[in-house]
Amino acid sequence: MNTELRLEHNPLPQKRRRLPSAYDLAKVAFFFMGFPKNGFGSIDVTKRCNLRCRHCYYFAGPEEDLPNELSLDQWVARLEELKRAHKPWEFPFFNCTWVGGDPLIRKDVIERCKSYFRYNTIVTNGTIPLPDWPEINWYISIDGDAAMHEAIRDQHGNFRKNGRPGIHAKIKENVAKNKHLGITIAYCITRENVACIESVVKDWYETGARHITFDFFTPVAGIDDPLWLDYHERDQVIEMLIALRRIYGDFFIIPERVLRMMRSDRCRDITDNCLLRERSFAFDASGRQKGKCVMGDGADCDRCGCVVPYYLRSLTDREMILSDLGREALVAGRRLAERGLAQGIGVARGMGAQISI
Ligand code: SF4
Ligand code: SF4
């Protein structure tokens, strides 16, 4: 596999962040308070989707086995029941990721229920117009460049019938129209689309997405799925992602340390102790808790490529947090010293100028 960078990348220089990021604040909070049980989780708000992507875990089994959807009133009742049955620290209603199917098929439910949670994320395929909800963290799934994306997501060309633009063009329009929503592109890496990563990063940076993030495809346990990249291949791709992150900086929402944690020498420790499985909620469309995580009981934890367990570990590992905070303090100290030195030189120059006058 050739994972060398081939394209020219010239992202705009980034402004230096002055305030701590949400990531920094979360690290400090979890350092002192621990990772909250049920603080993070997901709701499959619908079992319907207008697409049938080749790698979709949701429609991997027979569709008649999918759970029935709760109505809007039933979802409200379910959340009220959770509130009544749990103390705030047992179910803090902190962060909910709305998924499906495509969650925007049930806009009515999300619109009514998002206020239960402090933070909300929606992961959509991007073909349905986005409601103007700027308080939401928006994620749109992209599986490659335009041709690859169409091949994976619209196998029968339904979106291209009668001269209509394909899915990729529709998403581009949706993102370009909604730059103010701060959309994150979510790319699930498979053997099929691994070669498109570099061009997709460049393309969506230039289109005006705010961030990009990556997962590796997670197969169903017991199935030798050709879409899965083995650990050696995955390690090579991680090196490429790190190289791109060093160019694009915070356009990559995943910190470099999280990418390093996905390497084969460390990943099993994290998935064996997965915080999603142990401390998060994942409700199916009928409001019941799913097996182990949003991907359902069939997902193979040993070959998991979902970035979330790694991200959560990076937020909660005290040793890492301390080393991060120490490094950040050092950088801040160095900047202060540089600024002091620069001011000192300025004052000395000023004095020199006065003396020579
Ligand atoms: S858009 Fe998402 S839910 Fe719909 S088929 Fe594709 S992967 Fe599955
Ligand atoms: S499949 Fe991945 S995210 Fe899901 S429970 Fe297993 S390790 Fe965690």
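Domain bounds come from an automatic or database domain assignment. On this basis, the protein is divided into domain 1 (22–316) and domain 2 (318–357). Four residues from domain 1 and four residues from domain 2 make up the contact, two residues being in contact if their C-beta atoms, placed from the backbone, lie within 7 Å. The side of domain 1 that touches domain 2 has one nonpolar, one polar and two charged residues. In these classes, Ala, Val, Leu, Ile, Met, Phe, Trp, Tyr, Cys and Pro count as nonpolar, Asp, Glu, Lys and Arg as charged, and the others, Gly among them, as polar. The centres of the two domains, taken over C-alpha atoms, are separated by 41 Å.

The model is predicted: local features need pLDDT of at least 70 and side-chain atom pairs count only at pLDDT 80 or more, while totals for chains, interfaces and linings use all residues. Residues are numbered from 1 along each chain as its sequence is written, and chains are lettered from A and ligands numbered from 1 in the order in which they are written.

Twelve helices and seven strands are present in the protein; helices (H or I, at least four residues) and strands (E, at least two) are DSSP runs, numbered from the N terminus. The C-alpha atoms fill a box of roughly 90 × 55 × 40 Å along the principal axes. Among contacts between residues at least 6 apart in sequence, 76% join residues at least 24 apart.

Of the 357 residues, 33% count as buried. A residue is buried if 20 or more other C-beta atoms lie within 10 Å of its own, exposed if 12 or fewer, and partly exposed in between, with C-beta atoms placed from the backbone. The largest nonpolar core has 73 residues, a nonpolar core being a set of buried Ala, Val, Leu, Ile, Met, Phe, Trp, Tyr and Cys residues joined through C-beta atoms within 7 Å. I140 is one of the residues with the most contacts inside this core. Beyond four places away in sequence, I140 touches residues including T124, I171 and I185. By contrast, H156, in the loop between α4 (146–153) and α5 (167–177), counts as exposed because it has 8 C-beta neighbours inside 10 Å.

Two ligands were examined. Residues around ligand 1 include C49, C53, C56 and D102, where a residue is near a molecule if its C-beta atom, placed from the backbone, lies within 6 Å of it. The shell of ligand 1 comprises six nonpolar, three polar and two charged residues. Around ligand 2 there are 13 residues, of which C274, R277, C293, C301 and C304 come nearest.
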